[in-house]
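The stops below go from strands to rings to a helix.

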Amino acid sequence: AQQPPDSCQTLCDCLEAAKTVKCVDGNLTAVPPDLPPYVRNLFITGNRLARLPAGAFPAQRLPDLSALNLSGNHLRAVEAGALAALPALRQLDLSGNPLVTLSPLAFGEGGSPLEELALRGALRDHGVLLSLAAMLQSGALRNLSRLELADNGLLLLPAGMFTALPALRQLDLSNNSLVGLRNVSFQGLGQLQSLDLSDNSLGVLRNGTLAQFRSLPALRRIGLGRNAWVCDCAIEDLVAWLKESDQVEGKEALTCAYPDKMLGKALLKINSSDLNCSVPVDLPSQLQTSYVFLGIVLALIGAIFLLVLYLNRKGIKKWMHNIRDACRDHMEGYHYRYEINADPRLTNLSSNSDV
């Protein structure tokens with residue numbers, strides 16, 4: 001139906017020529033029901049939506065909506081089917097919302113044509129991170145080419161989170177608290193061009209992760225700045241990779257954060273002599289070696305003990321006989337006393353003799 005001329009202007013700024021609607025800082029608590037069908041770019045920001053229920057956007061009413069910005073709305077819940085009726089949606093920004101619930105079925109059963117998803121500062125709740133991982137792994141967003149997960153305080157990422165994103169080109173994980181990437185798989189991201197890991201708490205990148213970086217044919221920009229690199233023996237592989245790779249942006253500026261004697265030293269200028277690594281430091285293998293050595297020592301002690309027993313078998317046998325005879329004499333003494341105490345005649349005799 002044709003919209004009345006001023007219906008959109010009540011709560012929003014509607015620009016038909018630009019096919020844009022802006023509902024900004026209006027204290028809205030729900031998506032306006034009378035959005036014009038011409039809208040391609042919709043900004044609903046700085047409001048108080050709290051939740052995005054199923055059918056928040058009228059079915060088939062917004063056939064051309066391709067860019068949706070819902071940032072900074074105090075959103076706590078995005079429910080199943082909330083974004084299902086948007087057939088042309090390509091860009092979605094949910095940044096700056098304190099999400100507690102994000103349904104893996106927010107885009108409906110059939111998935112979405114979405115290409116860009118921004119969730120900056122929206123994944124502070126760990127349950128929401130797991131829900132997002134489930135959504136991505138389900139294949140609902142297989143067309144995604146850009147994913148922004150910055151500013152979320154993330155420590156670790158769910159295993160296999162990115163395995164069903166074959167079209168992903170840009171992945172932003174900057175300004176988090178990531179301490180490692182051991183359980184993160186980048187396999188299958190054959191289109192990935194840019195990976196931003198700057199401003200995290202990474203101390204080292206292991207050989208497995210470096211091998212994945214090498215195997216991604218399109219990956220040409222990796223950001224690793226402002227991380228807490230630990231320059232001990234474990235960093236040798238990372239240093240070697242940095243020296244031979246052209247994937248890392250600004251690699252000359254990467255410096256050691258620990259230990260104190262290496263503070264501020266450029267990673268590219270580290271040599272083996274700086275690290276004093278005659279033997280690679282690997283705690284699990286050290287423990288394994290210690291257990292093996294302990295087992296060998298105990299086996300030797302046991303073998304020596306058995307050998308001593310064997311060589312002294314005659315003496316041990318004589319000693320056992322002596323102990324047996326001593327025990328037998330002792331028991332006979334007890335038996336003799338018991339018989340005297342049990343016989344009343346002997347007891348009386350003993351008493352008379354005392355008199």
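This is a predicted model: local features need pLDDT of at least 70, side-chain atom pairs count only at pLDDT 80 or more; totals for chains, interfaces and linings use all residues.

**Stop 1: parallel strands**

Residues are numbered from 1 along each chain as its sequence is written, and side-chain values use heavy atoms, with hydrogens and water left out.

Now show β3 and β5. They run parallel and are joined by three bridges. Strands here are DSSP E runs of at least two residues, helices are H or I runs of at least four, and both are numbered from the N terminus. Two strands pair if DSSP finds at least two bridges between them.

Pick K22 and, opposite K22 in β3, F43. K22 also lies over the face of F43, at 5.8 Å from the ring centre. The test for a charge over a ring is NZ of Lys or CZ of Arg within 6 Å of the ring centre and within 35 degrees of the ring normal.

**Stop 2: an open sheet**

Select β4, β6 and β8. They form an open sheet of three strands in the order β4-β6-β8, with parallel pairing. The edge strands are β4 (51-52) and β8, each pairing on one side only. Zoom to β6, residues 77-78: two bridges pair this strand with β8 in the parallel sense. A77 has T101 of β8 as its bridge partner.

Step back to S71, in the loop between β5 (67-69) and β6. Is S71 buried or exposed? S71 counts as buried, at 18% relative accessibility. Buried means under 20% relative accessible area, exposed over 50%, and partly exposed in between (1.4 Å probe, protein chains only). Leaving out residues up to four places away in sequence, S71 touches I44, T45, G46, D93, L94, S95 and N97. Contact means heavy atoms within 4.5 Å.

**Stop 3: the ring cluster**

Select F162, F186, F213 and W241, which ring pairs link into a cluster. Rings of Phe, Tyr and Trp (its six-membered ring) pair if their centres lie within 6.5 Å; planes under 30 degrees apart count as stacked, over 60 as edge-to-face and the rest as tilted.

The structure holds three aromatic pairs. F162 and F186 are stacked, 6.4 Å centre to centre with 15° between the planes. F162 lies in the loop between β10 and β11 (170-172) and F186 in the loop between β11 and β12 (194-196), so this pair ties together parts 24 residues apart in sequence. F162 is buried at 1% relative accessible area, and F186 is buried at 0%.

Next, F186 and F213. Their ring centres are 5.7 Å apart and their planes at 50°, so the pair is tilted. F213 lies in helix α2 (residues 207-215) and F186 in the β11-β12 loop, so the pair ties together parts 27 residues apart in sequence.

**Stop 4: helix α1**

Select residues 126-137. This is α1: 12 residues, reaching 17 Å from first C-alpha to last, close to the 16 Å expected at 1.5 Å a residue. The expected span is 1.5 Å times one less than the number of residues.

Colour V128, L129, S131, L132, A133, M135 and L136, the buried residues of α1. They pack against β8 (101-102), β9 (116-118) and β10 (146-148). Finish at G139, which follows α1 and has a positive phi, near 85°.
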